[in-house]
6 protein chains.
Amino acid sequence: MSGKLRLGIPKGSLQDATIALFGRAGWNIYANGRSYFPSIDDDDIECMLIRAQEMARYVEHGVLDAGLTGIDWVVESGLDVVSATSLTYAKQSNRKVRWVLAVPEDSTYQRAEDLDGLTIATELVEVTKRYFASKNVSVKVEFSWGATEVKPPTLADAIVEVTETGSSLKANRLRIIDTVMESETHLIANKAAYQDQWKREKVDSLALMLNAAIAAQGHVGLMLNVQQANLAAVISVLPALNSPTISTLSNADWVAVNTILQEDVVRVVIPKLKAAGATGIVEYPLNKVVL
Amino acid sequence: MSGKLRLGIPKGSLQDATIALFGRAGWNIYANGRSYFPSIDDDDIECMLIRAQEMARYVEHGVLDAGLTGIDWVVESGLDVVSATSLTYAKQSNRKVRWVLAVPEDSTYQRAEDLDGLTIATELVEVTKRYFASKNVSVKVEFSWGATEVKPPTLADAIVEVTETGSSLKANRLRIIDTVMESETHLIANKAAYQDQWKREKVDSLALMLNAAIAAQGHVGLMLNVQQANLAAVISVLPALNSPTISTLSNADWVAVNTILQEDVVRVVIPKLKAAGATGIVEYPLNKVVL
Amino acid sequence: MSGKLRLGIPKGSLQDATIALFGRAGWNIYANGRSYFPSIDDDDIECMLIRAQEMARYVEHGVLDAGLTGIDWVVESGLDVVSATSLTYAKQSNRKVRWVLAVPEDSTYQRAEDLDGLTIATELVEVTKRYFASKNVSVKVEFSWGATEVKPPTLADAIVEVTETGSSLKANRLRIIDTVMESETHLIANKAAYQDQWKREKVDSLALMLNAAIAAQGHVGLMLNVQQANLAAVISVLPALNSPTISTLSNADWVAVNTILQEDVVRVVIPKLKAAGATGIVEYPLNKVVL
Amino acid sequence: MSGKLRLGIPKGSLQDATIALFGRAGWNIYANGRSYFPSIDDDDIECMLIRAQEMARYVEHGVLDAGLTGIDWVVESGLDVVSATSLTYAKQSNRKVRWVLAVPEDSTYQRAEDLDGLTIATELVEVTKRYFASKNVSVKVEFSWGATEVKPPTLADAIVEVTETGSSLKANRLRIIDTVMESETHLIANKAAYQDQWKREKVDSLALMLNAAIAAQGHVGLMLNVQQANLAAVISVLPALNSPTISTLSNADWVAVNTILQEDVVRVVIPKLKAAGATGIVEYPLNKVVL
Amino acid sequence: MSGKLRLGIPKGSLQDATIALFGRAGWNIYANGRSYFPSIDDDDIECMLIRAQEMARYVEHGVLDAGLTGIDWVVESGLDVVSATSLTYAKQSNRKVRWVLAVPEDSTYQRAEDLDGLTIATELVEVTKRYFASKNVSVKVEFSWGATEVKPPTLADAIVEVTETGSSLKANRLRIIDTVMESETHLIANKAAYQDQWKREKVDSLALMLNAAIAAQGHVGLMLNVQQANLAAVISVLPALNSPTISTLSNADWVAVNTILQEDVVRVVIPKLKAAGATGIVEYPLNKVVL
Amino acid sequence: MSGKLRLGIPKGSLQDATIALFGRAGWNIYANGRSYFPSIDDDDIECMLIRAQEMARYVEHGVLDAGLTGIDWVVESGLDVVSATSLTYAKQSNRKVRWVLAVPEDSTYQRAEDLDGLTIATELVEVTKRYFASKNVSVKVEFSWGATEVKPPTLADAIVEVTETGSSLKANRLRIIDTVMESETHLIANKAAYQDQWKREKVDSLALMLNAAIAAQGHVGLMLNVQQANLAAVISVLPALNSPTISTLSNADWVAVNTILQEDVVRVVIPKLKAAGATGIVEYPLNKVVL
């Protein structure tokens, strides 16, 4: 082993969620007030708070070995880094964000092609330029310092803006006419650092444990007892996520079933399990899941 | 299946606890600011926030298929609805509330009969009138807009007021002389809607899962290992809530015991289990329990 | 059994943590505003809030049967009480506190002996006097009402102050030159009361359950499935804290392994378990642990 | 003088504003937690917190000598009390509230007459009934426990609801079609008590000082110096609220002008004063104003 | 001038009020987080936060030139310092505090003499000892680390405790049987430092301005116009605090009256002024008053 | 008059202070949640929240008639707008901000010239480029998305960053080696709009009143009485900010003096006034000052 893994933590809106995720994955990060060098309870790692927009720049330069940031800002930067894993926080509810092309609700624009010659405000300037170039549409792309949604129609003709549910766009009376790109958080690494065996193992451990913690948020454990006679009926009710663990009991007529379920199907599954003859049904919380 | 289940959520003091309970039961309700139509992550359900006092009215009229409210307000309304289940939040600590008849601490009143000709302030006017009528006592029942406890002796001679522990009445120097009615939350349904098979199954699933979440609040899981020789002693210590699951282990001299306990007996049971020879005793939290 | 166990809860900085710990151990303490007699859901116990500094005094006098306080204040008092157990809140992260002798960073003092004739400010006057007496160093020990760290060099030449990480001392430009005593919280009891069988069992039950709750904070449960062929490899990866429970399954080729791990080794162990062939690895939280 | 003035303070949404107003008028009221008998620093007065809806009832019965409440609830009660003064909090911005008849935005109802046979939800049942009776329109008026705005069209056909700006009605997609009554806070008194000279003077002093404090919120003091030659021009710019005080100065060529202005005209007046030759223009805040 | 004035600011319960008072007096003190050396916008002063109990010690030693603390702790210390001024924060409401001797409400103790041979708990040990010695009563005085009020009758027989209104003692069912000493905040100075002319002037300026700011809290300005004919009647209504300023106006029939009033008499005076013929009555707030 | 004045309010860190300043100047702006079009109580004005960095762009384009922003961002934009006034919030304490060139504390860089060939991180890219170009120093200027201060030496060699007191730079161990530009807030206007008489008068009124409110923050009123004999001594103590108003009194031996003082000299002036014979000295607060 040589040295430490220099790891970039995204400063700003993702910061608290990221630190909480690391906590669930097994690493405690202590952000001490105004310092940009939070401490971490792992002597192998040095953390630095970096804006998501700049993460790829400093990972590519090699100042950082790895970092977490949105794939949107990686693509925007045009730089060459490795993605060790995507981190779809809470996969089952699909929290991917989208950068969308939006126009005033009551405008006549229906497609990107209708915006020829007009002004587009966005924080994602390069991706937006490439998008319109690929369609051979000539527009003026203006960098927006924020509050992009409020700009049409006075300050811009259309915008390219990030959205999760579209509700904020709707509240500003905007209409989505296309998706420019989808994005989610990735754990990225410097190419050279990722060739170093020790650093690669460290990055991969992080990827494994972060995903284990993410999976635990959307899954629960389920235990129940069932008579041998009803076992097949009970098993047939369980989703085929992974095969349940079936334990033998002292009383040989009965078995215990222990399994992992997606949290959002439990409310449908439990009534069926009960109807199929299961007893002593218990749902319990999980900290980490590696299926 | 046809349509949706229109479900009333009690607005006001019960609102946050109800939304939290649904969350633990498997349904996420999103109360978005000032809207009275919270969204829910179940396409089969439409929610509406309704005051507990008015819930029975709108369920009876059929504007809602079902709703949660105190049985006190159902009785007060005098309307005809079905109760799918009571929901004794945290059964073991007995959180039923009581509507009591209370008089000034230092008054001479001892029974309802002593109040003939006097003024009673209450929010529960109809139930109170029926209570006194059943005793052939003639009183003047005045609707109270709140702060009922502070009214005797200046603004009323006695009150009928809801209480959980009686401490607020005591703080206002009032003395309870009778219980007018007991109440707890119920999941009520419109009679016609409850005849519809799809709606009934939906309501019953809600009832099952809400009760499973309530039970989990007052129970915990307990695992331990014990040698075959000590098994009987260990079992004898466990309350007879349900029979424990006894698993066979690789080491045939030992078995593993897994059981559900009421949370409030654990502090008594664990020392006894240890004395009886149990090892590796572990208590773990539960999300849902269906015994 | 006759009477109640009179139990002192430390008022002040430890109060909230202590009440939370009792809650996890199975006793709910309700601190009602400004009262010093919090209620508790155990009819056998009467609680009283007492400053940690005075706990030993009142336990020794017999006004209290037992109480929680730092061993530092017990020693300071010079009184004779029994320690039923130490309570090293979160053992694995070593939260023992130390009373240290600290001097200005840029002073020339290196040892206690260099302070002869000088002024020492501290809240722990008696222990400090004994410390210097044992070294035959003559100093003036002044009682400090607080803000001790800011006193050198203006208001005192050196201090004896409590510290967990030393960071506050460092921030005040002080340098530690010796440890005067280590301390942690103890459950202490009156000597006579601890001879009474009923009281002793009650105190010992408290000690057992409080330690079970403390242990649970630093441990987690881990379940996994593994083929018989890989069992030895999987077992070899597990720390030897206690022997894992290995259950037989319906599918005789496989076994289920259930064990307790220190929370801070999980991030290292899980990647190794996966590499050794474990599947369905699940970490779950614990409420209490009695190994 | 005989006894004390028993004064009702409105509990609920007006409570804090009322206590603040009394503070500015010269009486400090201390609402101590959950007590309904706040103390006041005037030995001649006893306060009681009473819901605005019940104030007229208890003032009319003589339990209270006087009280503050909205004139809407006085009219609703149908009881006979004296109004000592209206208290138009912040007169210049017209904070009178209105009870309006509102219907769904996209309904076809234009006048009260269009609602014949329909259901009206409101908290102001009696006033609403009289309103429709006076128009010979037959409707069903249902008491609403709150959240009235959300009821049309599902739970009611129209509502009578209080509003200041109409924005909440608009947010619920309702359209106002008539004003049922206007309301503002009044200081009301019991008829007999108001015949008692001492009580009447006390009530009138309260009225004077409360209005003085209200006026001060909307007014400011303005001082300036001006040469005799420019005095007429300066005076002509000042609104004719009351005549300004013109003081002679040591330097006989100049005078000082001191006057009271409505706060909302200052931004228009000061530029004109400067243009007219005023110097040393200073605006200062006021605590009380009796013109 | 030589050097700086080293000034102690009381840390703890008085800290915020003291810093606010200095702000109103014209000195801005910036307490930056955990530092005990707050900055101040006066190059002639260096501040230090010191516990009130220790202030006299360090002023007497000469480490500080001056400081603010309660005269109770000065007397307790037995040390020799100068009092530059008392600072009766808000004189008119008499906020002097009292150290009182209090016994259990239902005990038979009526006088200090009844406590012979008993235990007294207090934070003010020396003053208490002198008090009992002066009465030739022999008691055991125990230092109390806090929560003194809760100690009788279990932990002490009586207490000497500080109180402003007595309400906390009453809430703990204690009865006051004597006043041991009265106290208020003083600005104290080191004897030698107060002989130095520059330091004395600095301390006296502080005393003057702090008192000016305190006086402003309890006073207001009042302006009015009155005809010469009514002037005597108006003047007779004004309290004789200081003589009012009577200005001549352009209109020689009228005069303007400007005066300072205690805030708590305004509600009585204004109605009388109006009755006496005053017009344009205006109350305005004050920042500082030096009569 | 035609139309409205479209006014940009800076969104972000200056927003609350700006809205508060407008409130003191006489215009109430209501920022309603997430809307970017706050309402204002002046029918002649339409507000829009715009980032300070973009204000000049939209004022220059004519989308806005006027706006408040830092002169730094105006210069950075390189666009041509009119400055109606600077708004040195709280003049006396000099709150101008500076953009400074800062390097690591322990680096050897002393002048801009020492940075040839290195990387400079800043939010003010264009101004920084011009600064280095004017010195013929060739550097790489990188746009920084924030947290600029933490970048040297790892992520950049030096930075150009805004600072008020320099304390944040110091905390990050940076050393200032030059000032690149000073900045303060300006009220800027579109060139064409400022030629329109109605708009110009509106903008100038805003400038007058905003400055009047700013001046009031740093000034207070002072009134006192003095005998003719002592008048000259009293006048000589007053700073020559503007000449005091000296009023004749009924008692011809005395005069009243009324004047405006800078707040930070009051603590020095009042002791001198008292020594010179002034009595009834009163300091009162001001809302607006136009000298």
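Which strands of chain B does helix H1 (residues 15–25) of chain B lie across? Helix H1 of chain B lies across strand E1 (5–11), E4 and E5 of chain B, and runs at about 135° to E1(B). This is a predicted model, in which local features need pLDDT of at least 70 and side-chain atom pairs count only at pLDDT 80 or more, while totals for chains, interfaces and linings use all residues. Residues are numbered from 1 along each chain as its sequence is written, chains are lettered from A and ligands numbered from 1 in the order in which they are written, and side-chain values use heavy atoms, with hydrogens and water left out.

Helices (H or I, at least four residues) and strands (E, at least two) are DSSP runs, numbered from the N terminus. In chain B, an open sheet of 5 strands has the order E4-E1-E5-E12-E6, with mixed pairing, where two strands pair if DSSP finds at least two bridges between them. Its edge strands, each pairing on one side only, are E4 (45–51) and E6 (82–86) of chain B. Within the sheet, E5 (residues 66–70) and E12 (residues 185–189) of chain B run antiparallel and are joined by 5 bridges, and B:Gly67 stands opposite B:Ile188 in E12(B).

H6(B) lies across E1, E4, E5, E6 and E12 of chain B, at about 40° to E1(B); angles run from 0 to 180 degrees between N-to-C directions, and axes are lines fitted to C-alpha atoms, for helices over the stretch in contact. In H8(A), A:Val266, A:Arg267, A:Ile270, A:Pro271 and A:Lys274 meet B:Ser205, B:Leu208 and B:Met209 in H6(B), contact meaning heavy atoms within 4.5 Å.
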